Amino acid sequence: MIPLAETLDDMDFDGLVTLGRSRLPALAPGWTDYNVHDPGVTLIELLAWVADTQIYAAGRNRADERLAMAALIGLQPRGAVPATGVLYAEGDTAQTDYDIAAGTRLTPATGCAPRLEVLRDVSMLPLKLLRLTAEGGAGGTVDLTDANKRSRVSFAPFGTPPVRDAALVARLGGRLPSRDLLLSIGIEIEGGGGAVPEDDCLGAVSLFYRCAKGDEVPLDCLVDSSVDMQRNGVMIVRLPAGGPQAGRDAHDIVLRADTANALMPRLLRIAPNALPVGQKASFPRLRFHGTGRANQTLFIEPNALFEADERVEGRQWRLTDARATVRVGTELWAAGTFQSAGPADRFFAASEARDGSGIEIAFGNGVNGRRPRPYEPIEVALELSCGAAGNVASPLDWLMAAPRMRWRNRQPIVGGSDAEGPAELLAAVRRRLRDRRPLTGSREIEEAALRLPDAFGVIRASVIEGWERGRRQPGAPATRTLLVTRRGTAAESRSWLRAVARALRPRIPLGERLLVAAPAFRELRVAAQITAAVGARPERVHRAVCDDLARRLAGETWALGRNVSTTAVAGWIRLVAGVERVSDVTFLGKDKRPLGEMLELRADELPRLATDRVTTDIVVEAGARP
């Protein structure tokens, strides 16, 4: 089992012997000789020695034991994880027309950073973004072209929350060549996005090509590293030769959010001709020859594969999860072990030094696994990465050997992490066990909901114990109801609430019941007569009072079930700068009838300020000079 303490070896041989002798008077009163020549003392020393060795072994797990412990909960050793990002062409791309193959290398134009490689085949096309518009939202058609050009301006093209019929239309100008094309569209998200759970409630995006008559043809999205516009990434779509784009000088690409009320982050920029890249180095053909000897071993030093300017001190290239691929002659050999292999089995075993200084590829001995024949050609393919050292800040310019063009990463290239050995894997086991422990209390459930991935957008989580909406008594005694709200929406969709429940319920102890719901909101209309201080402008005081009430009665901060009184509201208004006197404060219903001095809320209710009437119900008069 996994040690619960950092050091178990806290009792040595002398301590055990002393402990055994101290128990003799009580356990064996007739034993009077405690000297070392006594046979009984010799047995105590022998048992103390055995116990000391067992304690020492229990506090130090072998590497294979740690790997077995991690495998029990589904964790396997992994190689270095390459950082990923998006590059954009610098300068005018109106005359470009060429394909870029996956694996094409890019090096930094200035500065010191490890190389990048293109992750997917793309086509650089003679296109420019002419116009970007949002259609079908509550505000009608909105031109977002200027906002898309400005570096720090974000926009929500589908609405907040998204409307089902809303669309983002990118008009691209330029005549396309008559061949199959891979159009790439770069997506930049406010905040960059993060880990995205695989759940349809967070939104899905479909792409279409709008024809001249207004008809829309679905586009085949081959790659979407943005995960439906949930994080920075690239969408690559196929444009077949002779398709609807043939012979046209302007092309409308339509992006639609498929799910109403989905959680779609705000966009910073959308642009054509984006390049998906990863921080890695591929060596597809390292050539060797067979010797015909048993247990032939190939030794490869990763740093020796790079040019002198890439051999930076402290930068270590490690194998990724792609590991190594070996071809002997014309056949592809499989990675495996030799214990159960037969003489004809084409196996090889790849191992990497703990510090990454070398890679060994071993073959069989002719009895356990086949051995390569003399002079038989051997080709080894490796994929290496710098892991965490490959994370690159922005902006940085990059160069491609052919065609010679300058590229730039507008957002950081992130996500790289180092290879995991037994120690790192066991640490990951401890983290997973800690993060997935049962949620036994209300506070733990609330904290777990707030720690859900950023794509959920949970901004408030409160648990009510022994309560279920719509019932006097809950259906089960051990029932907790979690009330959650999310960022940027006025109403939480049922699919989003189900997603939160699916994420948390596996950690609820057996026999307990967790319900997930959204708070209920009670509309609150405030009417007040206010006198502004001398010299203060009534319109500014009015705006300050409205903003202060909206902030105090926001659903993210107000306690569930906490009543609102006119006395409290009057006190808040008096604290606003520029307010001299508050004559009267009342609460009104939808029909403008007074509600009394107290708005009483149920346990699952929150107040919501009626902003559509607050400007007319709150009156600010100018203060009179004495």
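**Loops, rings and a few polar contacts**

Pro265 sits in the loop that runs between strand E14 (250-257) and strand E15 (267-272). The model here is a predicted one. Pro265 comes out as partly exposed, with a relative accessibility of 22%. Along the chain, Pro265 and Pro162 are 103 residues apart, yet in space their C-alpha atoms are 9.9 Å apart.

Arg525 gives another pairing of sequence and space. This residue belongs to strand E29 (residues 520-532). Arg525 and Leu510 are separated by 15 residues in sequence, and the distance from C-alpha to C-alpha is 45 Å. Arg525 is at 8% relative accessibility, and since buried means under 20%, this arginine counts as buried. As for partners, the side chain of Arg525 makes a polar contact with the side chain of Glu523, at 3.1 Å.

Next, Glu383. Its place is in strand E23 (residues 377-385). With a relative accessible area of 19%, Glu383 is buried, because the cut-off for that class is under 20%. The side chain of Glu383 has a polar contact with the side chain of Lys280 at 3.3 Å. It also has one with the side chain of Thr320, at 2.8 Å.

On to the rings. Four aromatic pairs turn up in the structure. One of them joins Phe283 and Phe306: the ring centres are 5.3 Å apart and the planes make an angle of 85 degrees, so this pair is edge-to-face. Phe283 is part of strand E17 (residues 281-289), whereas Phe306 is in the loop between strand E18 (297-300) and strand E19 (318-328), so the pair ties together parts that lie 23 residues apart in sequence. Phe283 is buried at a relative accessible area of 12%, and Phe306 is buried too, at 3%.

Phe306 has a second ring partner, Trp317, and this pair is stacked, with 4.3 Å from centre to centre and 25 degrees between the planes. Phe306 and Trp317 are both in the loop between E18 and E19, 11 residues apart, and the pair is a link between distant parts of the chain. Like Phe306, Trp317 is buried. Put together, Phe283, Phe306 and Trp317 make up one aromatic cluster. Phe306 therefore takes part in an edge-to-face pair with Phe283 and in a stacked pair with Trp317.

Two arginines are also found over ring faces. Arg410 lies over the face of Tyr88, 4.2 Å from the ring centre. In the other case, Arg562 lies over the face of Trp558, and here the distance to the ring centre is 4.1 Å.

Finally, the surface. Leu43, Leu46, Trp49 and Val50 make a nonpolar surface patch of about 400 Å². Among these residues, Val50 is located in helix H2 (residues 39-58). Val50 has a relative accessibility of 31% and so counts as partly exposed. Patches are made of residues with over 30% relative accessible area, so Val50, at 31%, passes that cut-off.

Note on methods. Residues numbered from 1 in each chain as written. Predicted model: local features only at pLDDT ≥ 70, side-chain atom pairs only at ≥ 80, totals over all residues. Heavy atoms only, no water. Phe/Tyr/Trp six-rings, centres within 6.5 Å; stacked < 30°, edge-to-face > 60°. Helix = DSSP H or I, 4+ residues; strand = E, 2+ residues; numbered from the N terminus. Buried < 20%, exposed > 50% of the residue type's maximum accessible area, 1.4 Å probe, protein only. Lys NZ or Arg CZ within 6 Å of the ring centre and 35° of its normal. Patch = residues over 30% accessible without salt bridge, like charges linked within 9 Å, V, L, I, M, F, W, Y side chains within 5 Å. Areas by Shrake-Rupley, 256 points an atom, 1.4 Å probe, with all protein chains shown as cover. Salt bridge = Lys/Arg side-chain N within 4 Å of Asp/Glu carboxyl O. Polar contact = N/O pair within 3.5 Å; in protein donor to acceptor, adjacent residues only side chain to side chain.
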